[in-house]
Structures are given as structure tokens and as C-alpha cells.
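Visitor: I am new to this structure. Please pick one part, take me through it slowly, and then show me what lies around it.

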Amino acid sequence: MGRASLEKEPHEVAAMFDGVAEKYDRTNTVLALGQDRMWRRCTREALDLKSGERVLDLAAGTGVSTQELARSGATAIGADFSVGMLRAGRRARPSVPLVAADALALPFADDSFDAVTISFGLRNIVDPAAALREMARVTRPGGRLVVCEFSHPVLPPFRLVYLGIVLRTLPVVARRVASNPDAYVYLAESIPAWPDQEALAGVIQQAGWAKVAWRNLTGGVVALHRATKP
């Protein structure tokens, strides 16, 4: 994968996440200064899940986000294309349903879910718009989408610190705590190359979703994009 680029090959991304699987959850919590727990909770709340509903959690990794979604009482199914992540997740959370799946060709029937979500994974898909269309296919009419993804801080001073210091420091910290620290070089470089909040909202709408809106978390470091299937 090229430096500071969103160009990626699926097998390279899968191998990258296989390499970070063993310490992935701990590393994320350290690098996010514990904010990842709040981001997962906000994602669950934004989906407004009800008991008896079915929600698909894409890019679920080890299933920590899927486990959070299940707290709503809904049936939460996690899906990821990294075998290493799924293997680590099944060891850590044997009760969480986790399946291997390609976001561009989901192994589910049309209108299978009441809601679908993807956290910190859309920017790692080779064709995000196609993935969003595939998510719409498996979601029933009136169903909800929430995309939780790194974004662009909204306050200029904070943005300068974040882009100039925090992201450059991330790989250095990762070398102390991650099982494959080189992977975090790509992750850090892909964040500023990713569309900002308004641009991503446009991509989601063009993919067939309606009522697109977003909410900034942690000053725009992360954004929750919400939408509904017409």
C-alpha cells in the first residue's frame, strides 16, 4: 500500500489486520486514550436498536463492537474479512457471532437486517461506495446505517495539533504496544487522506441512503454518519 494513500489491495489489508489481531483491542484503547469505549457506546445509541431487531456489524474485528451492540437487546452479528481478527475474537468472545465476509459481496440475503454499521473500517475497503451500496442491499427499507470513522477535527488549532503531532506520534507509540506496529503507519496516513464529514455524507447519499446526517465526536477526530434506507 502506498504511503499517505487510500489505494489498497484487499489481501494486503487483510494481512495487515491479521498481523495486529493479537493485541488489537488493547492497542486501540491505548492509542485512543480510552475514547474508543465512548465511540462504541455512541455508535450503539445512534443506531437506536430495539430488542428483537437484527444488526450487522461490519469490520467487526475481534467482536468488541458487536458485543457492545448486543447490549441493546438486538441480535448483533459481526463480520470481517481478516481471519486473524476473527480467530482472536472467537477466543476472546466465544458467545459473539462472528462470520467471515467481504463487505463488497456480503453473504446475506436482501433486506436481512434492521440496521447495519461499520466502525473504522470503511476507509480500508477498496471501494467504499460499493460497500455502502452492499450494506443498503442487506438492510430492510426504513432500516438504519451508522458509519463510525476517523474524520477531520473541526477547530483549526486542534486540527493542526492532531495532524501535525498526534498522527505522527501514533506509529511511535504503536511500536511499544502493537503486535505489528508498521500497520499503524498506514492507518495514521490514511486518516488525513479520507474525505471530511461533508464529503463522506455525499458519498453515503450517492450510494442510495437517505436522511444523511453526522455528529462529531472528540472534536471531529471521529464522526458518526447516520442514514436511512428509503
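Guide: Start at the hairpin of β6 and β7. Four residues lie between its strands, and Thr 218 takes a positive phi near 50 degrees there. Keep in mind that this is a predicted model. The two strands pair in the antiparallel sense, over six bridges.

Which elements pack against the buried residues of α9? β6 (210-217) and β7 (222-228) do, along with α6 (128-138) and β5 (139-150). Helix α9 covers residues 197-206. Its buried residues are Gln 197, Leu 200, Ala 201 and Ile 204. Just after α9 comes Gly 208, with a positive phi of about 110 degrees.

From here, move to strand β4. This strand spans residues 113-119 and holds Val 116. Is Val 116 buried or exposed? Val 116 is buried, because its relative accessible area is 0%. What does Val 116 touch beyond its neighbours within four places in sequence? Its contacts include Leu 47, Val 55, Leu 56 and Leu 58. Met 135 and Thr 139 are also among them. So are Arg 144, Leu 145 and Val 146, and Trp 209 is in contact with Val 116 too. Val 116 and Arg 140 are 24 residues apart along the chain, and their C-alpha atoms are separated by 9.9 Å.

At 1% relative accessibility, Phe 113 counts as buried. The charged end of Arg 54 sits over the Phe 113 ring, 4.6 Å from the ring centre.

How many aromatic pairs does a search of the whole structure find? The search finds four. One of them joins Trp 39 and Phe 150, edge-to-face, at 6.0 Å centre to centre with 85 degrees between the planes. This pair links distant parts of the chain. Trp 39 is in helix α3 (residues 35-47), Phe 150 is in strand β5, and 111 residues separate them. Trp 39 is buried, with a relative accessible area of 5%. Phe 150, at 19% relative accessibility, counts as buried because the cut-off is under 20%. Another pair is formed by Phe 108 and Phe 113. Their rings are also edge-to-face, 5.1 Å centre to centre, with 85 degrees between the planes. Phe 108 counts as buried at 17% relative accessibility. Ring pairs also build a cluster, made of Trp 39, Phe 120 and Phe 150.

In helix α4 (residues 64-70), look for Glu 68. Glu 68 is buried, with a relative accessible area of 12%. Which residues does Glu 68 touch, leaving out those up to four places away in sequence? Glu 68 touches Arg 40, Arg 41 and Arg 44. In helix α5 (residues 83-92), look for Met 85. Met 85 counts as buried at 2% relative accessibility. Met 85 and Ala 100 lie 15 residues apart in sequence and 9.8 Å apart in space, C-alpha to C-alpha.

Now step back to the whole. The protein has nine helices and seven strands. Of its 230 residues, 51% count as buried. Among contacts with a separation of 6 or more, 67% come from residues 24 or more positions apart.

How confident is the predictor, and where is its confidence under 50? The mean pLDDT is 88, and 83% of the residues reach 70 or more. Over residues 1-6, pLDDT stays under 50. The model has 18 contacts beyond four places in sequence for that stretch.

Definitions and conventions
Residues numbered from 1 in each chain as written. Predicted model: local features only at pLDDT ≥ 70, side-chain atom pairs only at ≥ 80, totals over all residues. Heavy atoms only, no water. Buried < 20%, exposed > 50% of the residue type's maximum accessible area, 1.4 Å probe, protein only. Contact = heavy atoms within 4.5 Å. pLDDT = per-residue confidence, 0-100. Pairing = 2+ DSSP bridges. Phe/Tyr/Trp six-rings, centres within 6.5 Å; stacked < 30°, edge-to-face > 60°. Lys NZ or Arg CZ within 6 Å of the ring centre and 35° of its normal.
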